[in-house]
Structure formats: C-alpha cells, structure tokens
Amino acid sequence: MRLSRYFLPVLKENPSEAQIVSHRLMLRAGMIKQSSAGIYSWLPLGFKVLKKIEGIVHEEQMRAGHVPMLMPTIQPAELWKESGRYDDYGQEMLRITDRHDRDMLFGPTNEEMITDIFRAHVNSYKDLPLTLYHIQWKFRDEIRPRFGVMRGREFYMKDGYNFDLTKEDALHAYNRHLVSYLRTYERMGLQAIPMRADGGPIGGDYTHEFLVLAETGESEVFYDSAVTDLSFGDREIDYDSVEQCQGVLEEFTTKYARTDETHDEALFNEIPEDRRRVARGIEVGQIFYFGTKYSESMGATVQTGDGKPQPVHMGSHGIGVSRLLGAIIEANHDDSGIIWPEGVTPFHCGIVNLKQGDEAADAACDDLYKALTAAGLDPLYDDRKERAGGKFATMDLIGLPWRITVGPRGLKNGVVELTSRRSGESEELAPEAAVAKIVEIYEAHPSPQGF
Ligand SMILES: Nc1ncnc2c1ncn2[C@@H]1O[C@H](COP(=O)(O)OP(=O)(O)O)[C@@H](O)[C@H]1O
Ligand SMILES: [Mg+2]
C-alpha cells in the first residue's frame, strides 16, 4: 500500500474523550471512529488489525479441531424464553420488535441459538464430541461503555460451544480450549494468564478468565509471580490427548492466580511474600464448563449406546476479539505510539522515502516494495511529499515493527537503514539484505492473509 492512496486519518492532537492510552492511540492512529457511545467504525488500519487477530483466532481454533460457522446477530426471543434467560438478562439486552410485532434481540451471546441448532440436527452419541464456534458481532447495552473498544456496546467476539456425552469428555474440551487460548494469545505477542474466575449462579470450579496484566485493566487480580514465568512456546501438542491437555491445564493453573471474585486471602498468604502480586488485568477471554444447564432446559439430548436419551454436557468459550486490540496496545506502546507485535501488525514494515521525487530514492523504494510484496509481505510505503520528521512520527504512531529508510545519501553508498520500532536500533545494509532480514523475521510469525 502506498500511503498517498491509503486512508489514514491520523490526529495530531490528543482526543480529549480518551482516558486510557490504547483508546487515545487508536483514535490518533486513525484506526476507529466512534459513531455512538460504545459503537465504532473500523477504519482501514483498525480493520486490518482486527482481521489479523480474527485470523489467528480462526487458525488456532481449527488447529484444535473446532468447527467454524456463523450465526446471525439478530435472534428470536423465543429461544431465550425457553432457556429462561430472556427476563434474567435485563437491560443489557437490546430488544427489538419487527414489523409483525415479533420479539427479537441483538445477540449478546449464543448459547441458546447453538443449542437449538444442535438439537435440530444431532441425535446420537456417535456424533460427539463436537465443538462449534463462530466470530460474530455482539451487542450488550453496557451501562458504562468506555475505554474505546475495550468496553464497547457493539463488540466482536469469538464464542465456541462444546457438546460432549459425559462430564469427563466435556472437561477434556475445556482443557483443549485452555491450550488453544494460550497459543492464540502468545501468537499475538501477549501473555494472558488463566485465572480462576467465578462461575456465577451455576457455580463450579470450571471457569477461567484469561487476563493481560495492565494498570488500566478493569479487574483486580491476585497472583503468584511465578505464573508470569510460564509460557507455552512452540511445543507440539496433540489436542486429542487427554493427558497432554490436562498436563498443560495443571501447569498453568496450579499456582495461585485469581480475580477479585474468587480471591481467597488465606490461600494467597501461603505464597512466599516476595512472590505475592496484587495488580490489574484486562479480561481477554473466558472458558466455562456448565454441564447440562442449556441442554436440559432446551431438550438437547442424544441417544446413548443403550438407547436412552441423555442431555449433553456443554461449555462455552469466548475470546474478546475487538477488545484484544486495546489490550495489545496497552501492553505494547511508548510515548511515540503503538508498537505492534509481529504477529498482528497491520503492515509488515514501513518504507520511508526521505526525498520523494529524487530519481534514485524513488526507484529504490519501488524496488523494495516489489521485493517485499513478491516475498508475500505487506509493506506500507510513505510516498508523500512530506518532511522526514513527519513521516517518522506517523510511522512511530501507527507502530509498524520495522521501518526501512531510503535516502539519496545512503543510496550513494549502496545502503538503506533498517530500524526496529521496539528497540529503536538502526543498521545500515544493502536493500536486498534488508528485505532478506524482514522475510526471515516474519517466517517466525506466520500471520493470516490481511486486508
Ligand atoms: N462490552 C464488551 N466490549 C468488548 N469486549 C467484551 C465486552 N464484554 C465482553 N467482552 C469480551 O468477550 C469475552 C467473552 O465475554 P464474556 O465472558 O461473556 O463477558 P463478561 O465476562 O464481560 O460477561 C470477554 O472475555 C471479553 O474479552
Ligand atoms: Mg467473562
């Protein structure tokens, strides 16, 4: 993409409505525009990152054997009346009446709808296990939408649902989700710590929230600092192996890590004092086993081997796809702007032409652009007639991890400059060597095809 042809409405001034850094930077970098409270348009740069994140979520869900599909945003109220949640959900649910006076709603989540699909098509235990998921817009009429995409009213969420014959099988599905989530967040350059959460009225020990530590997080969290040393890394995992998935769950959830809802002061105080941490975190996902709550109320049963109908064991597992942009920026920025992790960056690198109109500089930039594109990468070429300082400031603000700077003086010596956004370090090298280095860097961060 050439910047002169792109739509990147950056703001020079700090928007006064933004209270936290991620919201401020998303507005300044021209990623989003609010249309009403908690509802945003995704401008090209924001849309690109959203789709990258969505792509990683898809890849990791499919790797775990979960099946993608898509349910509508608008749901009939009947389903929610069946489960009993139509009244319970309260004012967060946006209720709609169509022209025939039918009660509809904009879905805040999809347990009822997926259970309805399941009961219509699955009758036998032989069709289990099954995990279906989708990534779809949700609406919750939050009383206090704030912090930009972090707590929106309309937001993009991955929600997956497992259907299993027994509790034991459903717990394997739970563990599988935990493993796939660890991989997902790490690919985005995030550490998201599974913390024991509150099961709400259904209760039970089987729910974990994934929290990214950040001062601006809405949740208070308590943990053993040893949990921050854990990382999933690039280990191989067999998602069908009950032992392997259980092993990962134990590794990542045995040390103390809880949100304020389940915090237990006595247990916390058993941790050596120098390892006790009280901090804040952003909830970027949650996994939940809830047994037969919906399958019983909505009649989602399968025939077992001896022909008896049995309600299936279910769980639901969510990832806050749009919230993740905010969380990633909270964890990756400096005074000059965003610093995208390689896995989610909107463009792989920037090309800055120091002297637009200079024949040699223009030609070198064109060659770099072609070479990077031919290697399957997606560069952003700042080809505007602007001062170098302004070009650097824009690149720093939008946070591309790598920048190649091209100027007539360097070209005389056969070199361009390659700069890391994160470290600020630069090196001079031949244009071909710069391309080779960027190609090599991104081999370690395969990212889904962008927009
Ligand atoms: N209002 C919101 N805006 C943006 N993301 C949200 C919002 N509410 C929930 N999410 C994201 O969706 C994920 C799954 O939702 P869920 O656990 O049902 O939400 P909650 O815990 O707020 O009830 C959450 O972990 C969070 O990352
Ligand atoms: Mg939650």
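Start by selecting β4, β6 and β5: in that order these three strands make an open sheet with antiparallel pairing. Strands here are DSSP runs of E at least two residues long, and helices are runs of H or I with at least four, all numbered from the N terminus. Two strands count as a pair if DSSP finds at least two bridges between them. Strands of a sheet pair through backbone hydrogen bonds, either parallel or antiparallel.

Now colour β4 (74-76) and β5 (94-97): they stand at the edges with a single partner strand each, so one side of each has no neighbour in the sheet. Turn the view and you'll see neighbouring strands set at 35° to each other on average, direction ignored (axes are lines fitted to C-alpha atoms, and angles run from 0 to 180 degrees between N-to-C directions). Zoom in on β5 and β6 (residues 103-106), which run antiparallel and are joined by four bridges. Pick Thr97 and look across to Asp103 in β6, which stands opposite.

A word on what you're viewing: this is a predicted model, where local features need pLDDT of at least 70 and side-chain atom pairs count only at pLDDT 80 or more, while totals for chains, interfaces and linings use all residues. Residues are numbered from 1 along each chain as its sequence is written, with chains lettered from A and ligands numbered from 1 in the order in which they are written.

Next, zoom out and colour by domain: 31-331 is domain 1 and 341-443 is domain 2, with bounds from an automatic or database domain assignment. Their centres, taken over C-alpha atoms, are 39 Å apart. Where they meet, 10 residues of domain 1 are in contact with five of domain 2 (contact means C-beta atoms, placed from the backbone, within 7 Å). Select helix α2 (residues 44-63), which gives the most to the domain 1 side, with six residues.

Now go to ligand 1. Which residues come nearest? Of the 15 around ligand 1, they are Phe155, Gln286, Gly318, Gly320 and Arg323 (a residue is near if its C-beta atom, placed from the backbone, lies within 6 Å).

Last stop: select helix α10 (residues 321-331), where 10 of the 11 residues are buried, Arg323 and Glu330 among them. Buried means 20 or more other C-beta atoms, placed from the backbone, within 10 Å of the residue's own.

Key. A residue is buried if 20 or more other C-beta atoms lie within 10 Å of its own, exposed if 12 or fewer, and partly exposed in between; C-beta atoms are placed from the backbone. Two residues are in contact if their C-beta atoms, placed from the backbone, lie within 7 Å.
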